[in-house]
Amino acid sequence: QVQLVESGGGLVQAGGSLRLSCAPAGRTFSRYTMGWFRQAPGKEREFVATINWSGSTDYADSVKGRFTISRDNAKNTVYLQMNSLKPEDTALYYCAGAAAHYSDRYYYTLASRYEYWGQGTQVTVSS
């Protein structure tokens with residue numbers, strides 16, 4: 001069974017940084033579009049960032065300029081560098097993989113378009 005394993009979450013003060021990693025196990029994801037989503041308590045899961053196989057990226061407006069998604073296909077790993085963290089970034093962060101190809105990158109902002117998910121890693125930002 002394909003599994004995505006996230007790591008790197010933790011507790012950080014506002015203004016600090018964290019780097020999340022996602023290492024798929026059991027499958028090579030170099031040709032997949034990968035995404036990060038997050039879910040805060042009492043809220044719906046929301047899109048954070050996505051990167052396709054060639055390195056094209058998209059971000060939610062709320063994280064643009066602060067977060068950077070990247071991938072190292074040789075290591076089969078996807079990263080989310082989070083800088084200037086705010087308390088409102090506190091959430092459970094999920095890594096996701098999409099095998100399907102869409103010409104309109106909008107679809108990669110939708111959680112329903114991703115077939116593979118990790119268990120999530122908690123990010124808590126204190127004020």
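This is a predicted model: local features need pLDDT of at least 70, side-chain atom pairs count only at pLDDT 80 or more; totals for chains, interfaces and linings use all residues.
## Around T33

Let's begin with T33, which belongs to strand β4, spanning residues 33-39. Its relative accessibility is 4%, so T33 counts as buried, given that buried means under 20%.

Leaving aside residues up to four places away in sequence, T33 touches T50, I51, N52, R71, A96, G97, A98, Y108 and Y114.

## Aromatic pairs

Across the whole structure, a search finds 12 aromatic pairs. One of them joins F37 and Y114: the ring centres are 5.2 Å apart and the planes meet at 75°, so this pair is edge-to-face. It links distant parts of the chain, with F37 in strand β4 and Y114 in the loop between β9 (91-98) and β10 (116-117), 77 residues apart. Both F37 and Y114 are buried.

Y106 and Y107 also form an edge-to-face aromatic pair, with 5.6 Å from centre to centre and 65° between the planes. Here Y106 is partly exposed, at 47% relative accessibility, and Y107 is partly exposed too, with a relative accessible area of 30%.

Which residues form one aromatic cluster? They are F37, F47, Y94, Y102, Y106, Y107, Y108, Y114 and W117.

R45 lies over the face of Y94, at 3.8 Å from the ring centre. The charged end of R45 also sits over the ring of W117, 4.7 Å from its centre.

Key: Residues are numbered from 1 along each chain as its sequence is written. Side-chain values use heavy atoms; hydrogens and water are left out. Helices (H or I, at least four residues) and strands (E, at least two) are DSSP runs, numbered from the N terminus. Buried means under 20% relative accessible area, exposed over 50%, partly exposed in between (1.4 Å probe, protein chains only). Contact means heavy atoms within 4.5 Å. Rings of Phe, Tyr and Trp (its six-membered ring) pair if their centres lie within 6.5 Å; planes under 30 degrees apart count as stacked, over 60 as edge-to-face and the rest as tilted. A charge sits over a ring if NZ of Lys or CZ of Arg is within 6 Å of the ring centre and within 35 degrees of the ring normal.
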